[in-house]
Number of protein chains: 2
Amino acid sequence: MSYRRTDNVIRRMAARQNAILKAARDAAAEGGMEAVQVMPVAERAGIAAGTVYRYFPSKTDLVAALVGVVAEQELSAMRRAASAAPGPLSALCASIVTFASRALRARRLVFALLAEPADPQVAALRQDFRKSIAAEFEARIATAMAYGHFPEQDTGRAAAALIGAVLEGLVGPLARPAADAATERDAVQTVTLLSLRALGVNDPRARGLVVQTALPPRDHA
Amino acid sequence: MSYRRTDNVIRRMAARQNAILKAARDAAAEGGMEAVQVMPVAERAGIAAGTVYRYFPSKTDLVAALVGVVAEQELSAMRRAASAAPGPLSALCASIVTFASRALRARRLVFALLAEPADPQVAALRQDFRKSIAAEFEARIATAMAYGHFPEQDTGRAAAALIGAVLEGLVGPLARPAADAATERDAVQTVTLLSLRALGVNDPRARGLVVQTALPPRDHA
DNA sequence: TAATTGAGTGAATCATAGTTCACTCCTTGT
DNA sequence: ACAAGGAGTGAACTATGATTCACTCAATTA
């Protein structure tokens with residue numbers, strides 16, 4: 001005779017799955033990918049190691065899910081910010097600022113998920129994540145370019161370079177950590193300005209654009 | 001009674017040490033850091049696994065030596081190119097082009113040594129490598145800035161962002177591989193131009209600068 | 001309440017990769 | 001030619017971390 005899970009059990013299990021994901025995320029945010037190990041993650045989530053395998057077939061699947069969740073959040077934040085902007089150039093600008101400031105907020109996590117290596121399966125997913133972000137940038141760049149805000153150029157290459165510049169300039173191991181919120185905002189502005197100039201934006205209004213764009217609110221799960 | 005190594009033996013052993021390093025380098029160039037394993041490296045070098053430990057106390061030391069050698073080569077190439085340039089702006093440009101084109105030549109290797117994670121000891125060395133390159137860029141940027149080629153700005157942040165842009169734009173997993181030498185040259189030019197513009201170089205001569213700078217010759221060991 | 005299902009457990013197992021070391025045999029010195 | 005030293009070997013060992021599975025027990029059903 002089979003056995004029906006009550007709503008209570010379903011809820012508890014869903015919560016537990018989230019707890020595992022959150023534990024994995026926290027681990028990654030603190031110690032990078034190498035800290036995402038089954039036993040420590042299980043401990044953080046308050047369960048036994050074996051239990052993890054009731055929720056995810058393998059560690060790879062767990063990490064894949066983590067990448068998926070984070071990617072979804074980041075992308076939607078970027079899209080939201082861009083679509084709220086009044087024009088193509090400020091949409092691009094909002095995209096960059098959003099990506100940059102969110103990345104800065106969770107430096108270690110973003111770095112781990114975007115740059116640290118993993119097994120081929122996860123690498124492929126990470127690849128998708130990067131590609132989605134690049135595609136987002138590329139679309140904004142193409143639109144702004146069509147509007148004549150900067151000269152014709154290879155939008156794909158430019159999008160990739162922007163991602164690199166922002167990551168390296170803000171979250172990479174080279175970047176010095178920002179002391180306070182003001183310094184943080186300043187760092188984001190610097191990098192955004194650098195990015196826009198790289199595309200060939202000369203309009204002095206650009207500086208205004210960058211400064212106006214506020215930091216988006218936190219919305220990590 | 002102690003035993004004197006003849007020149008022959010000394011030479012053979014030096015050659016073998018190089019062979020091990022070369023094997024490690026090739027492995028990294030093909031399969032990234034995770035391919036740098038003692039047994040495969042030993043096999044490539046034509047020796048037994050245990051022999052590696054006669055030349056390097058640990059795998060970490062081997063990788064550290066590898067990073068050191070490559071860093072030395074890259075830095076000296078950048079310096080050579082820059083010091084052969086006629087002025088501060090073209091020196092900066094030469095630096096970027098050299099870094100970019102060499103990185104493009106050995107994409108996987110550079111990416112592995114510059115971006116992939118490793119144990120803390122190696123990470124620290126990699127850090128040094130990045131810092132050296134950043135410092136090289138930063139010095140060129142500062143000089144060109146002092147000469148008024150572009151506006152005042154945070155040179156450190158700019159240097160980091162440039163490295164990121166070049167790496168991501170050319171060697172990162174996002175960059176499409178260049179089909180032929182012409183496409184390669186084109187990619188380097190695109191990224192270099194992007195970099196200079198990011199700094200605020202508006203001088204139309206800049207394009208000339210980029211185009212003029214030839215790809216440096218290969219000189220991998 | 002008794003029987004049954006399946007979530008949870010965690011010690012045991014497996015897999016991978018770095019490291020050691022007893023041994024072989026070439027090289028050197030007499 | 002012979003003895004000694006040390007380079008080279010590679011099977012065995014160690015460490016780490018993922019995965020399994022026989023078992024326990026709370027939740028469900030009859």
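In this predicted model, helix α3(A) gives the most to the surface near DNA strand C, with four residues. Local features need pLDDT of at least 70 and side-chain atom pairs count only at pLDDT 80 or more, while totals for chains, interfaces and linings use all residues of this predicted model. Residues are numbered from 1 along each chain as its sequence is written, and chains are lettered from A and ligands numbered from 1 in the order in which they are written.

**DNA strand C**
- DNA strand C is surrounded by 26 residues, a residue being near if its C-beta atom, placed from the backbone, lies within 6 Å.
- Among the closest are Gly50(A), Thr51(A) and Arg4(B).
- This surface has 13 nonpolar, nine polar and four charged residues; Ala, Val, Leu, Ile, Met, Phe, Trp, Tyr, Cys and Pro count as nonpolar, Asp, Glu, Lys and Arg as charged, and the others, Gly among them, as polar.

**Chain A with chain B**
- Each of the two chains, A and B, brings 30 residues to their contact, where C-beta atoms placed from the backbone lie within 7 Å.
- On the side of chain A that touches chain B, α8(A) gives the most, with ten residues.
- That side of chain A comprises 15 nonpolar, eight polar and seven charged residues.

**The α8 pair**
- Helices α8(A) and α8(B), each spanning residues 155-171, pack with axes 6 Å apart at an angle of about 140 degrees.
- The residues in this contact include Ala160(A), Gly164(A), Ala160(B) and Gly164(B).
- The contact of α8(A) with α8(B) divides into ten nonpolar, four polar and four charged residues.

Conventions. Helix = DSSP H or I, 4+ residues; strand = E, 2+ residues; numbered from the N terminus. Axes fitted to C-alpha atoms, helices over the stretch in contact; angles between N-to-C directions.
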